[in-house]
Structure formats: C-alpha cells, structure tokens
Amino acid sequence: MSGIDEILNMISAQQQETEEGIIKAAKSKAAQIIKEGEAKAQTAYDEYMKKARQRSERDYENKCNAADAEMKRKILACKVELIDEAIEKTVAKLKDLPDKEYFELLARLAGKHLRSGEGVISLSEKDMKRVPADFIAKLSEHAAEINGTIKLSKDAADIEDGFILSYGLISENCSFRAVIEAETEEVRDIAARELFGQVKA
C-alpha cells in the first residue's frame, strides 16, 4: 500500500469516527430533548389535570350551592304561601263568627285601642244592622276607666269587618285585614310557629 493510500485510509477512518461521534452526540441530545419534553409534557398534564379537578370541584360545589339555595327559596315560598293561606282562612273564620262571639272579639280589640277623650267607633253596614244593644255600654265602661268616652257613629264605615276608631281628626282602621297588615311580621311569625314549629325565616 502506498503512502497516499494510507493517508486516504486514515482520513476516511477519521471522518467515519467523526461522523459516528456526531451521530452519537445527536442521538444523545435527541434523547435528552425527548426526556425533557416528556417531563415538561407530564408536568403540563399534571398541572392541567390538577386545575381541571379544582375547576370541576368548584363547579360541583357551585351547582350544589345553587341547587340548595333554589330548594330553600322554594321551601320558603311554599311556607309563605301556607302562612298567607292560614291568615286568609283566619280572617274568613273571624268574619263568620256567630254574632255574640264576633262582637265580643270587637269589644276586646277596641278595648286595646281606647284612650282618653271623646271617641267614635264606626262599624260596617253589615255590622250596624246586628250590633248588640249593650255593645257600646261595655265599651263605655272601658273608656271611662281611662277618662274617655265612646259612642257609635250613625254612619257606616267603608269596611268589611272590624271597626274604625276616631278621636277628632285621628282615625285608626281596625278592620281585621288592617290589623293583620299592621302587624304582618308578628302575625306571620305566630303562624309560622303554629304551622312549622319555628319562626318564619
């Protein structure tokens, strides 16, 4: 083998060695890149899944809270409806009391509103026709205890039940509905206790 051939062989061997080194380094670099990529991909996947679980849990909790709130609203609406229905039935029952019991109720109610001075009590047209003879006498006794007087108006009041009590220019509507509306919360609380064993929320 001539000297030139040896030189060419050496160059060829060196070139092959260099190529193999480059290829090996490239494969090593590629493996490192793949490994790093897989690690980043796994990290990204884990982070995504973590956020997805958190989002899913929040969505679930929010939906549960919304469903719970809606259920409570419906229960409350149902309770209010039942309470109002009970109040309406109570008003109707009071209006339909026998005359004796009805006017005894009016006398008790009026007794809580009497005061000193000259008072005038006005009844509905229906009640004017059935007022007991001793109704005003009984009220007058109560009025006298607080240095007052009371008389029955000759004119019927524009109400369905109860009465209107006037002292000069000041008048108080004591029809059953007006009394209930004036004490709405207290009446509803009482109704709630009777119906549900608790104060209305």
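This is a predicted model: local features need pLDDT of at least 70, side-chain atom pairs count only at pLDDT 80 or more; totals for chains, interfaces and linings use all residues.

Trainee: How is the span of helix H1 to be read, and what should its residues span?

Mentor: Helices (H or I, at least four residues) and strands (E, at least two) are DSSP runs, numbered from the N terminus. The expected span of a helix is 1.5 Å times one less than its number of residues. Helix H1 (residues 3–95) has 93 residues and should span 138 Å; its end C-alpha atoms are 135 Å apart, which agrees.

Trainee: Which residues of H1 are buried?

Mentor: Burial is judged by relative accessible area: buried means under 20%, exposed over 50%, and partly exposed in between (1.4 Å probe, protein chains only). In H1 the buried residues are Ala52, Ile83, Ile87 and Val91. An α-helix has 3.6 residues a turn, so residues three or four places apart point the same way. Lys29 also lies in helix H1, and Lys29 is partly exposed because its relative accessible area is 47%.

Trainee: Which residues of H2 are buried, by contrast?

Mentor: They are Tyr102, Phe103, Leu105, Leu106, Ala107, Leu109 and Ala110. Contact means heavy atoms within 4.5 Å. The cover over the buried residues of H2 includes H1, S1, helix H3 (125–128), H4, S3 and H5.

Trainee: How many residues does the largest nonpolar core have?

Mentor: A nonpolar core is a set of buried Ala, Val, Leu, Ile, Met, Phe, Trp, Tyr and Cys residues joined through side-chain atoms within 4.5 Å. The largest one here has 26 residues, and those with the most contacts inside it are Leu106, Ile121, Phe135, Leu139, Ile150, Phe163 and Leu165. At least two residues of this core come from each of H1, H2, strand S1 (117–123), H4, strand S3 (163–167) and H5. H2 supplies the largest share, seven residues. Not counting residues up to four places away in sequence, Ile150 touches several residues, including Leu114, Ile121, Leu139, Ser140 and Leu165.

Trainee: Where does Ser140 lie?

Mentor: Ser140 is in helix H4. With a relative accessibility of 27%, Ser140 counts as partly exposed.

Trainee: How many aromatic pairs does a search of the whole structure find?

Mentor: Rings of Phe, Tyr and Trp (its six-membered ring) pair if their centres lie within 6.5 Å; planes under 30 degrees apart count as stacked, over 60 as edge-to-face and the rest as tilted. The search finds three such pairs. In one, the ring centres of Tyr102 and Phe176 are 5.9 Å apart and the planes are at 75°, so the pair is edge-to-face. This pair links distant parts of the chain, with Tyr102 in helix H2 (residues 99–111) and Phe176 in helix H5 (residues 176–182), 74 residues apart. Both Tyr102 and Phe176 are buried. Phe103 and Phe135 form another edge-to-face pair, at 5.4 Å centre to centre and 75° between the planes. Here Phe103 in helix H2 is joined to Phe135 in helix H4 (residues 135–145), 32 residues apart. Phe103 is buried, at a relative accessible area of 3%, and Phe135 counts as buried at 3% relative accessibility. Ring pairs link Tyr102, Phe103, Phe135 and Phe176 into a cluster.

Trainee: How many disulfides are counted?

Mentor: A disulfide is a pair of cysteine sulfur atoms within 2.5 Å, and by this rule the count is zero. Cys64 is partly exposed at 34% relative accessibility, whereas Cys174 is buried at 1%.

How values were computed
Residues are numbered from 1 along each chain as its sequence is written. Side-chain values use heavy atoms; hydrogens and water are left out.
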